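Good morning, colleagues. Please look at the model now.

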Amino acid sequence: MDEPEAGAGEAVVGPGERRFVGERRPATDAEARALASAVRLRILRLCLDEALTNKELAARLGRNPATVLHHVRTLVDTGFLVAESARRGARGAREVPYRATGKSWLMDGAGASGAARDAALAAFLEEVAAVGESHLESTRLGLRLGAADLAEFRERLHRLLDEYATRPADPGAERWSLYLGMHPEARGVVPGDDNR
C-alpha cells in the first residue's frame, strides 16, 4: 500500500505513526465548515489510528451510510481524510478505507467560538455517551488570570498538547480522547441557580 503524500501543511500518516508537517495556521472557510460538524469530528477520531470504510464508519456511528458518505467526501475534499488502496469486502465488493491525516490538529480557530454550537464539545459528549460516563476522567479548575498570564497558560497548554500529538503512535496502546474547554465565568446570576 502506498503511503499518502503530503502537500504543504498537510500530515503524512501511516499505520503506527503520526507525523504533522507544517505550522499551525488559520483554517480556510471550507476547512472551518468541514470541522464544524460533530459527525465529521467523530469520523476523524475513528479514522485516526485505523483506516475504516464508509460502511464501517456508518456502523460505528449508528448512521445511514449515504449520510456518512457525504461527510466522508467533505473531509476528503478538504484534506482531513485520505483514501487508502481499495480492498475487497467480505462479499467481494470494492471498499475504500479512509484514514485521518492529522491535518485538523494544525488548524487554528476551526470549529472554535462564534458558532451557535461547539462541534468539538458535541462530538466529545457523543463519544462519552458511547463509552459511558463511568469511564470519564474529568476535573474542573477556576482561575483568575490577567491577559499576560492567560496568554502564557494557553501557550504552555498547547505546547504540551502538541508534544503528545506529534509523538509516534504506539499501535498496541490504549486509545484515549481528550476534550479541553475554557470559558470566562459569567458574572451575576448563575444559570440553574434557584436561590436568587
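Leaving aside neighbours within four places in sequence, His71 touches Ser37, Val39, Arg40 and Ile43, where contact means heavy atoms within 4.5 Å. His71 lies in helix α4, residues 65–77; helices here are DSSP runs of H or I with at least four residues, and strands are runs of E with at least two, numbered from the N terminus. With a relative accessible area of 12%, His71 is buried; buried means under 20%, exposed over 50%, and partly exposed in between, using a 1.4 Å probe and protein chains only.

A word on the basis: this is a predicted model, in which local features need pLDDT of at least 70 and side-chain atom pairs count only at pLDDT 80 or more, while totals for chains, interfaces and linings use all residues. Residues are numbered from 1 along each chain as its sequence is written, and side-chain values use heavy atoms, leaving out hydrogens and water.

I turn to the charged pairs. The structure holds 12 salt bridges, each a side-chain nitrogen of Lys or Arg within 4 Å of a carboxyl oxygen of Asp or Glu. One of them joins Asp162 to Arg24 at 3.3 Å, N to O. This pair links distant parts of the chain, 138 residues apart: Asp162 is in helix α6 (147–165), and Arg24 is in the segment before β1 (25–26).

Glu155 and Arg159 form another, at 2.5 Å. These two are 4 residues apart in helix α6, so about one helical turn separates them. Glu155 is partly exposed at 41%, as is Arg159 at 48%.
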